[in-house]
Amino acid sequence: MESVVRALVVYLFILLLRAGGKRSLSSINTFDLVLLLIISEATQQALLGDDFSLTTAALVVTTSSRWTGSPTTSVSASRPSPGSPTAPRWSWWTTDGF
Amino acid sequence: MGFQGLQIEENDRFERGEWAFERIAWVVMAAIVAAALVGLFGGLGVFASRQASAAAGALTVEYPGLTRYTAKTDLRITTGAAAVSEGQVALTLSSDWVDGADINQVIPEPDTWESTPDGLRLTFPAGAAPPEVRISYRPDVIGSHPGTVTVGEAGPAVDFQQFVYP
């Protein structure tokens, strides 16, 4: 249980960093890269606690991974492809693409 | 289906399969997280503290039923007046359990640590009251981790069974 809670808290905290604005990969400079390493170093202990088990690692990764659909063709010849996660019937779920 | 005007390679069948796979994966991920929150993968939760007792309250062992490899884990042993003999309480931890546990600390500090054919024998002073012992350890096996705590050599005994996730 703690693993999931830890991952959620760290995820929500990292989400705050987005308030600083998004950047595309091409506009990242050395400082951003160093900052990325510092963030990952600093959050490692908070995420994993003190055990080195596969189970903990898998739970932390599952909790903090992206839970929305991958970008796919949702419009084909101007019409939404039926069954696409981004087709209108799923638009409450994920809004990218529309 | 035609793909006029779109300058990308499309494989309708493959994409449809991918969407189905994604939805199934979301359900599986949600199930894993829910199971972890309930405590099915060790840590806090429904299996965090199980109890086994010997007759007449001489010995009670509190242990997590599910734990994880190398995770800090506690075993609590509560002894009763029936476990005291000559002002001392001797507890024997069976060798099958000791072999799979990396013991970090025993509180209170035992007077003696002794290796016996049955396992590890710890002797505690029981001057004021029968001791409550906490053994802090890290599991060193993966899978089933059974153990027995015995008072003295052949006193009241408690069997318990733990499962260690990799």
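Good morning. The largest pocket in this predicted model has a volume of about 1,000 Å³. A pocket here is an open set of points on a 1 Å grid over the protein atoms alone, where a 1.4 Å probe fits, with protein on both sides within 12 Å along at least five of seven lines; lining residues have an atom within 4 Å of a point. A volume is the space filled by probe spheres set on the points, which are joined across faces, edges and corners.

Of the 22 lining residues, Ile14(A), Leu17(A), Arg18(A), Leu36(A) and Ile39(A) are closest to the centre. Helix α2(A) gives the most to this lining, with eight residues. Helices (H or I, at least four residues) and strands (E, at least two) are DSSP runs, numbered from the N terminus. The lining of the largest pocket comprises 12 nonpolar, five polar and five charged residues. Nonpolar means Ala, Val, Leu, Ile, Met, Phe, Trp, Tyr, Cys and Pro; charged means Asp, Glu, Lys and Arg; the others, Gly among them, are polar.

The second largest pocket has a volume of about 510 Å³, and its lining has eight nonpolar, seven polar and nine charged residues.

I turn to chain B. Six strands form an open, mixed sheet in the order β3-β11-β10-β5-β8-β7; two strands pair if DSSP finds at least two bridges between them. Strands β5 (88–94) and β8 (119–125) of chain B run antiparallel, joined by seven bridges. Val89(B) has Phe124(B) in β8(B) as its bridge partner.

Finally, the conventions. Residues are numbered from 1 along each chain as its sequence is written, and chains are lettered from A and ligands numbered from 1 in the order in which they are written. In this predicted model, local features need pLDDT of at least 70, side-chain atom pairs count only at pLDDT 80 or more, and totals for chains, interfaces and linings use all residues, while side-chain values use heavy atoms, leaving out hydrogens and water.
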